[in-house]
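Please keep the sequence and the three-dimensional view at hand while reading.

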There are 2 protein chains.
Amino acid sequence: MAQNPDNLLNNRNIKPTAMRELVLKVLTEQTTAISLAELEHKFHKADKVTLFRTLKTFEENKLIHSIDDGTGSVKYALCTESCQCNPDDLHVHFFCTLCHHTFCLNDIPIPSVNLPVHFNLESISMVVKGICSNCKK
Amino acid sequence: MAQNPDNLLNNRNIKPTAMRELVLKVLTEQTTAISLAELEHKFHKADKVTLFRTLKTFEENKLIHSIDDGTGSVKYALCTESCQCNPDDLHVHFFCTLCHHTFCLNDIPIPSVNLPVHFNLESISMVVKGICSNCKK
DNA sequence: AAAGTTCATGCAACCAAGTTGCAAAGTTAC
DNA sequence: GTAACTTTGCAACTTGGTTGCATGAACTTT
């Protein structure tokens, strides 16, 4: 079932302002995760801080998740509708060293690890680096 | 077989200067990974840039590896003697959200993942966040 | 509908981590 | 000893992220 933008926002208890709808629209159009700087370039007029806070609001309300792919700039991507960002909801990310795009491998859950005794798990991040299928051609 | 510092440096083709020996000594004394800023605090007189370049030299020659634990500052830890930083050599890292220390779980190799077709693997990073055994007590 | 409250936005300025350029000091080769 | 190269130290800069504060929009209360 497709969701219109306002539903997506309302479902996550985010007040749907014009700005937020615009940002959400850009996010839904991405096939790879996007950084704050890249997001900024998509707008001619918007302020970096506003976009930053918009992303933060989205993240706090689990509409998007952030990915630290090791490039020095955090990337953001939409969560699936049912995502609660629990360890079970997490998936592997892939960073292409050629095109520098960061992919959500939504179909690849993070494999479980057996931690040493008395280590307590809260979350896991797994980033694979290599060449993506586009660049491989 | 224990290695003296100069051997460790020579084995990795790093010219053993006084500075490098001091940095290596500090690194061998750590039980958890250390950031550039933390390393700087271990010295009263050393320059941040020199330490930065020393770490970079060490990393390029695979004496140490860097860990991006998502805190915004990269951590460094000694490699095992045989490490070539290939995917097979990599281990899981653990970041404690209480004491903010980053552990090398040398005994826990990164589980393999089946990438989508035509995705090519170069390296993987896996960081688990939670509470370490020390803080759990 | 005016006044008050709350939340969102925009600008300026700041901060931390990492990085570069260059000159001085040290080391090695001849 | 001098030339060539490497390492170190200082200054200064870049980038990404973040805070403070004032303005502006929206919503409430009367």
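The following sections describe a predicted model, taking a helix, the DNA strands and several individual residues in turn.

## Helix 4 of chain B

Helix 4 of chain B comprises residues 48–60, 13 residues in total. From the first C-alpha to the last it reaches 18 Å, close to the 18 Å expected at 1.5 Å a residue. Buried positions in helix 4 of chain B are Leu51(B), Thr54(B), Leu55(B), Thr57(B) and Phe58(B). These residues lie on the same side of helix 4 of chain B because they cover an arc of only 160° around the axis. Arg53(B) and Glu60(B), on the other side of the helix, are exposed.

The N-terminal end of helix 4 of chain B is capped by Asp47(B), which has a side-chain oxygen 3.2 Å from the backbone nitrogen of Val49(B). After helix 4 of chain B comes Lys62(B), which has a positive phi, near 60°.

## The surface near DNA strand D

There are 17 residues around DNA strand D, and those that come nearest are Phe52(A), Val74(A), Thr17(B), Met19(B) and Arg53(B). Of the atoms of DNA strand D that come within 4 Å of the protein, 55% belong to sugar and phosphate. By residue type, the surface near DNA strand D divides into six nonpolar, four polar and seven charged residues.

A polar side-chain atom of Arg53(A) is 3.1 Å from a base oxygen of DNA strand D, and a polar side-chain atom of Arg53(B) is 2.4 Å from a base oxygen of DNA strand D. Val74(A) places a backbone N or O atom 2.8 Å from a phosphate oxygen of DNA strand D. Two or more residues of this surface come from each of helix 4 (48–60) of chain A, helix 2 (18–29) of chain B and helix 4 of chain B. Helix 4 of chain A supplies the largest share, five residues.

## The surface near DNA strand C

Around DNA strand C there are 16 residues, of which Met19(A), Arg20(A), Arg53(A), Lys48(B) and Val74(B) come nearest. Sugar or phosphate accounts for 56% of the atoms of DNA strand C within 4 Å of the protein, and bases make up the rest. The surface near DNA strand C consists of six nonpolar, four polar and six charged residues.

| Residue | Atom in the residue | Atom in DNA strand C | Distance |
|---|---|---|---|
| Lys48(B) | side-chain N or O | base nitrogen | 2.8 Å |
| Arg53(B) | polar side-chain atom | base oxygen | 3.1 Å |
| Val74(B) | backbone N or O | phosphate oxygen | 2.8 Å |

The elements that give two or more residues to this surface are helix 2 (18–29) and helix 4 of chain A, together with helix 4 of chain B. Helix 4 of chain B gives the most, with four residues.

## Two buried residues of chain A

Asp69(A) belongs to the loop between strand 2 (64–67) and strand 3 (75–78) of chain A. With a relative accessible area of 2%, Asp69(A) is buried. Its side chain makes polar contacts with the side chain of Lys75(A) at 2.8 Å and with the side chain of Thr102(A) at 2.6 Å. Not counting residues up to four places away in sequence, Asp69(A) touches Lys75(A), Phe95(A), Thr102(A), Val127(A) and Lys129(A).

Met126(A) is located in strand 6 (residues 120–131) of chain A. Its relative accessible area is 1%, so Met126(A) counts as buried. Apart from neighbours within four places in sequence, Met126(A) is in contact with residues of chain A including Val92(A), His93(A), Ile110(A) and Pro111(A). Its contacts in chain B include Ile110(B), Val113(B), Ile124(B) and Met126(B).

## Lys62 in both chains

Most residues other than glycine have a negative phi. Phi of Lys62(A), by contrast, is positive, near 60°. Lys62(A) sits in the loop between helix 4 and strand 2 of chain A and is partly exposed, with a relative accessible area of 30%. The C-alpha atoms of Lys62(A) and Met126(A) are 19 Å apart, and the two residues are separated by 64 residues in sequence.

Phi of Lys62(B) is likewise positive, near 60°. Lys62(B) occupies the loop between helix 4 and strand 2 (64–67) of chain B. At 29% relative accessibility, Lys62(B) is partly exposed.

Technical notes:
Residues are numbered from 1 along each chain as its sequence is written. Chains are lettered from A and ligands numbered from 1 in the order in which they are written. This is a predicted model: local features need pLDDT of at least 70, side-chain atom pairs count only at pLDDT 80 or more; totals for chains, interfaces and linings use all residues. Side-chain values use heavy atoms; hydrogens and water are left out. The expected span of a helix is 1.5 Å times one less than its number of residues. Buried means under 20% relative accessible area, exposed over 50%, partly exposed in between (1.4 Å probe, protein chains only). The arc is that of the directions from the helix axis to the C-beta atoms. A polar contact is a pair of N or O atoms within 3.5 Å; within protein, one must be able to donate a hydrogen and the other to accept it, and residues adjacent in sequence count only if both atoms are side-chain atoms. Contact means heavy atoms within 4.5 Å. A residue is near a molecule or strand if one of its heavy atoms lies within 4 Å of it. Ala, Val, Leu, Ile, Met, Phe, Trp, Tyr, Cys and Pro count as nonpolar, Asp, Glu, Lys and Arg as charged, and the others, Gly among them, as polar.
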